[in-house]
Each structure stands twice: as structure tokens, then as C-alpha cells.
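This briefing is intended for a reader who is new to the structure shown below. Please keep the sequence and the model in view while reading.

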Amino acid sequence: MKLLVYGINFAPELTGIGKYTGEMVAWLAAQGHDVRVVTAPPYYPDWAVWPGYSASRYTTENWRGAKVLRTPLWVPRKVSGAKRLLHLASFALTSVPALLAQWRWKPDVVWVTEPPMFCTPAALIFARLRSAKAWLHIQDYEVDAAFDLGLLKGAWLRARVASMERSLMRRFDRISTISQRMIERARSKGTDDARLVFLPNWADVSAIQPLGADSPYRAELGIRSDAVVALYSGNMGAKQGLELLAEMALRLKDQPGLEFVFCGNGAGRAELMKRCEALTNVRFLDLQPVERLGDLLGLADIHLLPQRADAADLVMPSKLTGMLSSGRPVVAGARPETELGQVAAECGIAVAPDDAQAFADAVVSLASNAERRRELGVRARAYAEQRFDRNAVLAQFERDLEACLAGNSRR
């Protein structure tokens, strides 16, 4: 089939939407499908266009069997609610010519990912004019998150934007998202079951496996082999609740044999480093190369997954798949009734979001009990193998694409 993928984030970004969209495109191209991508130059999570790419001109490249068209966009140095909207709008506008350039190619499916919702009108119009199927994949409910996190404010504005969102969603042939709770939210926005598809984020469970020996990172960071490492690895942005990490590390600064490693980049990193500058039990790492991901995640004895309470169920953290694949327990900030809370309760400990003391208590509980860590790690690995295997998830997605083209209801 001919698949046009349309979205602001793409490989070689190492985290979040860019990572998963890139892996999806590479997998489908390897199956023999004709895939093209309209996207921006990589800029996330540092909010700076990567060296070797341009923010001011259109470029074309071939990437793992797919043709990739990169468009100009504006990237703010300091992110705020208003600047983020302008940033997304800049891509929505500059990407239209690249979208129209696919007119003669005539794709079978136009696949657009949210965020940004700004791109959905152009995607819908193009798909209808070219008699293609229109598919919306929701990684984040950005409209809900923007209001709940305080990036946008006002009841009237929220009602208007929500109405526009529902109107757009009704026009897609398929809507997929990454968790069952997010599927439920799509239903609440008026999407009928015949158009809904569950497409979870995945992990390469063959590449990320429990390590049989110490991770090389222990020696590189000067961490003793008998120390317990609590690791946060991922984007450092607004939805992560990073202030909790600093507060927890401060509360546990005198806990013997416990070390914290915070790995990642993003708008919140500088503030986190400032909060931790006097703590000797904290080490920082930049985002690491994808080929070292298995060793990085294997550095952890305990994975840390903070989550702001007001973002609960709006996102299903993509980093969770790799954490569980590494065969290590997770301490997650999640209410027990949420999907993340249910997974964490099975593969680690779920605590109240934004509660640094509860987080610290859970970490100490696991740090002092190696056998419990082992048991929960075995469960985590089994869960990843059953739910997140990349080949299984993408093979089902391929079948869903074929059913969409055939005009059949989803499974």
C-alpha cells in the first residue's frame, strides 16, 4: 500500500513520538510498502534544530526505505503555552506545500499523528480530495493536556476548542491511540467503536533485555556494583513532574547505597539540575544513543516514572515499554484506577502523583529488598513480552491498515 505519514516529530529523534513514528515507518517499508513522510527537522527534546538540518528550507532525504520531506518551522528557545501554539502552527502552515507535492503520488492512506491537532484539517482535505483513507493516531490528547496543565486557560475557549476537536475527529476513517483509557476518551469525544483501533507503543524486546551482568554505565559513572540505582530516563518536560525527582533525591540524600541517575534532555532539565546541584547522590546523563538503550535501562535497579496528577490518563508514557522490557521494577506516580496505575501495581509500585514522600518510601522499600525487586522485574519482563513486542504490534497494525483500505470495521 501507499502510506503518507504526516506529523511534526520523526526519526532520528530518540524519544517520544519521533522514535515510534520512525520505527513504524522503517518496519512498514521493510514489509514492502511504499511510505512517504512529511515532517519537520529533528528538534525534540532540546527545542533546537539538530546540526545538519535546516529550520528555514525544504529538504528531501531517503530514510530506511522511505522518502522523507522535511519542512521549515519555528522553534522557540524558551517554551511557553503561546509559543508552543505558534511553533505547531508554523509547521501546520509550512507543511501544506509538502503535503500537496504528494498529489500525483496519490497515497492510499494519509496517517497523521496528534500532536499536533493543527495538521488534521489539511490531512483530512487532502485525503478526501485524493480519495484516500484518513487515519488519526493520538499519542497525546494535546487539547485536554494544554488546559489541564494550565498552558491554555478559559472555559469558553476550552468549549470552543473541544467542539472543533470533536468535529475533526468525526471525519476520520480510523482513530487509533495507545491505551485503553485513551480509547475510552476517544469514545467520549464522539468516536464510534467501528472506527477505533488500539495501537499501543511497543518495545524491541529482543534488543532490550534483562542484563546478566553489571551495566557498563556503572563503571563509566563510578557507581559501585553493590549500590542500588534508581533511574529516570526520558524527556524532561512539563508533563513529567520533574520537581518530584529533586525533592525525592533530597529526602533520600543520606540513604546508604542508593544512587540516582537522571538521563534525558528537555525544557525542564536546567531547573532540575539546579535543584540537585548540592546533592552528591544524583548523576545526570544526556540522552544516550539508541544502540546503548539496553545497557542504559539495565543500569537501573529501580525505574522512576513520575507523572503530574493533572496529566493522568491524558498520556500513557512511552518510556514505560522500555522500562518493563529491561526486567526492572517501576515506581510510578499514578492513581490506582488509571491504566498506568494498574500496570505499575503489577510490575512495581504505584504511588499518588506529586507525592514526593510516597515516592521516596516506595524507592526505599524496593532498595532494601532485592528479592522483591527480582520478582517484580520478572513480572515486568513477562508483561512487556506479552503486550509490547514490536513485531507483533506492528503486524496487527498492518492488518488494521489493510482492513481500513478494504472498508471493513476494525477488529
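Which glycine follows helix 1, and is its phi positive or negative? Helix 1 is followed by glycine 32, and the phi of this glycine is positive, near 100°. The model is a predicted one, in which local features need pLDDT of at least 70, side-chain atom pairs count only at pLDDT 80 or more, and totals for chains, interfaces and linings use all residues. Residues are numbered from 1 along each chain as its sequence is written, and side-chain values use heavy atoms, with hydrogens and water left out.

**Overall form**

- The protein chain contains 15 helices and 14 strands; helices (H or I, at least four residues) and strands (E, at least two) are DSSP runs numbered from the N terminus.
- A compact globule of 411 residues would have a radius of gyration near 22 Å, and the 21 Å of the protein chain agrees with this. The radius is taken over C-alpha atoms, and the globule rule is 2.2 Å times the number of residues to the power 0.38.
- The C-alpha trace of the protein chain spans about 65 × 45 × 40 Å along its principal axes.

**Burial, contacts and surface**

- Of the 411 residues in the protein chain, 56% are buried. Buried means under 20% relative accessible area, exposed means over 50%, and partly exposed lies in between (1.4 Å probe, protein chains only).
- Among contacts (heavy atoms within 4.5 Å) between residues at least 6 apart in sequence, 71% join residues at least 24 apart.
- The protein chain exposes about 17000 Å², of which carbon and sulfur atoms supply 51%. Accessible areas come from the Shrake-Rupley method with a 1.4 Å probe, and for residues only the protein chains shown count as cover.

- The 15 residues of helix 1 (residues 16–30) should span 21 Å at 1.5 Å a residue, and its end C-alpha atoms are 22 Å apart, which agrees. The expected span is 1.5 Å times one less than the number of residues in the helix.
- Helix 1 is mostly covered, with 14 of its 15 residues buried.
- In helix 8 (residues 243–251), the buried residues include Leu244, Leu245, Ala246, Met248 and Ala249.
- The cover over the buried residues of helix 8 includes strand 9 (228–233), strand 10 (258–263) and helix 9 (269–276). Strand 11 (282–285), strand 12 (302–305) and helix 13 (356–367) are also among the covering elements.

**Cis peptide bonds**

- The peptide bond from tyrosine 44 to proline 45 is cis, with omega near 10°. Proline 45 is found in the loop between strand 2 (34–39) and strand 3 (59–63).
- The bond from glutamate 114 to proline 115 is likewise cis, with omega near 0°. Proline 115 is found in the loop between strand 5 (109–114) and helix 3 (120–129).

**Loop residues**

- Arginine 64, a residue other than glycine, has a positive phi near 50°. Its place is in the loop between strand 3 and strand 4 (66–70), and arginine 64 is exposed, with a relative accessible area of 61%.
- Lysine 106, also a residue other than glycine, has a positive phi near 55°. Lysine 106 is found in the loop between helix 2 (81–100) and strand 5, and counts as partly exposed at 38% relative accessibility.
- Serine 56 lies in the loop between strand 2 and strand 3 and is exposed, with a relative accessible area of 63%.
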